[in-house]
Amino acid sequence: MRVIAFYSPKGGVGKTAAAVNIAYLASQEGYSTLLWDLDPQGAASFYLSGAGHRQGAKLSKLLQGRAPIAEFIQDNVYPDLDFIPAHKSFRNIDIRLEQDDDTNALKAMLSPLSEDTSLVILDCPPSLSRLTEQVLQVADQVYVPLVPTWLSLNSWQQFRDFVRTKKLGPKKLRPFFALVDRRKKLHRDLLAQKAELFERPLKASIPYASVVERMGEEGLPLEVLSPTSEAATRFRDMWLEIKQDLWHSGRKAG
Ligand SMILES: Nc1ncnc2c1ncn2[C@@H]1O[C@H](COP(=O)(O)OP(=O)(O)OP(=O)(O)O)[C@@H](O)[C@H]1O
Ligand SMILES: [Mg+2]
């Protein structure tokens, strides 16, 4: 089982759109995939609502170790795509996790899955919290969408330094540009400097595209909504890179 996360300290940068599209692409290739919406706002549910799923359940029993994760999984979203929707009770997860000191509650919650699940995708809320630390510890790779602006590069550097200082696995971080608008000179310039700006950027960048916004309205992944769009193509490129990271890089063999 591999675990990846889409995380950024900034809100509204395309974490959830990427998590849902990558989860769908992975499941379509037969990887048994679990998408877990860790953000109490529950945006991933909107993107999957076209497939129909039930409301999220209160996660307190799971957090307390009194119920297994299997009880919270909705397994009928798409073939090979399971989903744990968010629940507003997750707002309190940090209070609960703070009490756990050194134990990684997230890791403990995920451990019963390892036999049946190939890939777990964590869609994270935009905060730097105890949950983020546990996500960074558990994840094999963390994909970080960045809008190509100086401010977002600044917040990226702060985040990367935090991960280094806390020894949470800076080598796991893979930034990528999202909401890219090629009409803007700054966006084009920063894209051209990607190799100098980052150690391990993804090659794939996600364009700003109204079809991605429509995912929320229609409740469908891009591959269903508009497979020939440029954005869908870029998400397929991204999925190839992620597969390479997880199963073919040699660093993570097995
Ligand atoms: N590539 C894109 N092009 C145009 N709009 C996009 C794109 N990606 C995301 N959006 C839109 O931007 C908004 C935020 O996207 P999304 O929910 O994926 O970001 P997020 O980083 O998960 O946000 P949050 O921090 O609130 O969880 C949504 O309205 C979404 O439709
Ligand atoms: Mg989100």
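Predicted model: local features only at pLDDT ≥ 70, side-chain atom pairs only at ≥ 80, totals over all residues.

Student: What makes it a cavity and not a pocket?

Tutor: A 1.4 Å probe fits there but cannot get out, so the space is called a cavity.

Student: Which residues line the largest cavity?

Tutor: Y7, C124, P125, S127, S129, L131, T132 and V135. A lining residue has an atom within 4 Å of a grid point, so these eight names meet that cut-off.

Student: How is that lining divided by class?

Tutor: Five residues are nonpolar, three are polar and none is charged. Tyr, Cys, Pro, Leu and Val count as nonpolar, so Y7, C124, P125, L131 and V135 belong in that class.

Student: Now the open space. How much of it lies in the largest pocket?

Tutor: About 420 Å³. The lining has 23 residues, and G12, V13, G14, A17 and Y47 lie nearest the centre. Helix 1, helix 2 (43–48) and helix 10 each give two or more residues to this lining. Helix 1 gives the most, with four. By class, the lining has 15 nonpolar, five polar and three charged residues.

Student: What takes up the space of the largest pocket?

Tutor: Ligand 1 does. A molecule sits in a pocket if more than half of its atoms lie within 2 Å of the pocket's grid points; ligand 1 is therefore placed in the largest pocket.

Student: Which residues count as near ligand 1, and which are closest?

Tutor: The shell holds 18 residues, with K15, T16, A17, P207 and A209 the closest. The cut-off is a heavy atom within 4 Å, so each of the 18 passes it. Helix 1 (15–28) and helix 10 (210–218) each supply at least two of the shell residues. Helix 1 gives the most, with three. The shell divides into 10 nonpolar, five polar and three charged residues.

Student: Why is the D39 pair called a polar contact?

Tutor: An N or O atom in the D39 side chain is 3.3 Å from an oxygen atom of ligand 1. The limit is 3.5 Å, so the pair counts.

Student: What about the backbone of P207 and A209?

Tutor: A polar backbone atom of P207 is 2.8 Å from a nitrogen atom of ligand 1. A backbone N or O atom of A209 also lies 2.8 Å from a ligand nitrogen. Both pairs are within 3.5 Å, so both are polar contacts.

Student: How much of ligand 1 does the protein bury?

Tutor: Taken alone, ligand 1 exposes 620 Å², and the protein buries 81% of that.

How values were computed
Residues numbered from 1 in each chain as written. Chains lettered and ligands numbered in written order. Heavy atoms only, no water. 1 Å grid on protein atoms, 1.4 Å probe; cavity = no way out; pocket = protein on both sides within 12 Å on 5 of 7 lines; lining within 4 Å. Polar contact = N/O pair within 3.5 Å; in protein donor to acceptor, adjacent residues only side chain to side chain. Areas by Shrake-Rupley, 256 points an atom, 1.4 Å probe, with all protein chains shown as cover. Points joined across faces, edges and corners; volume = space filled by probe spheres on them.
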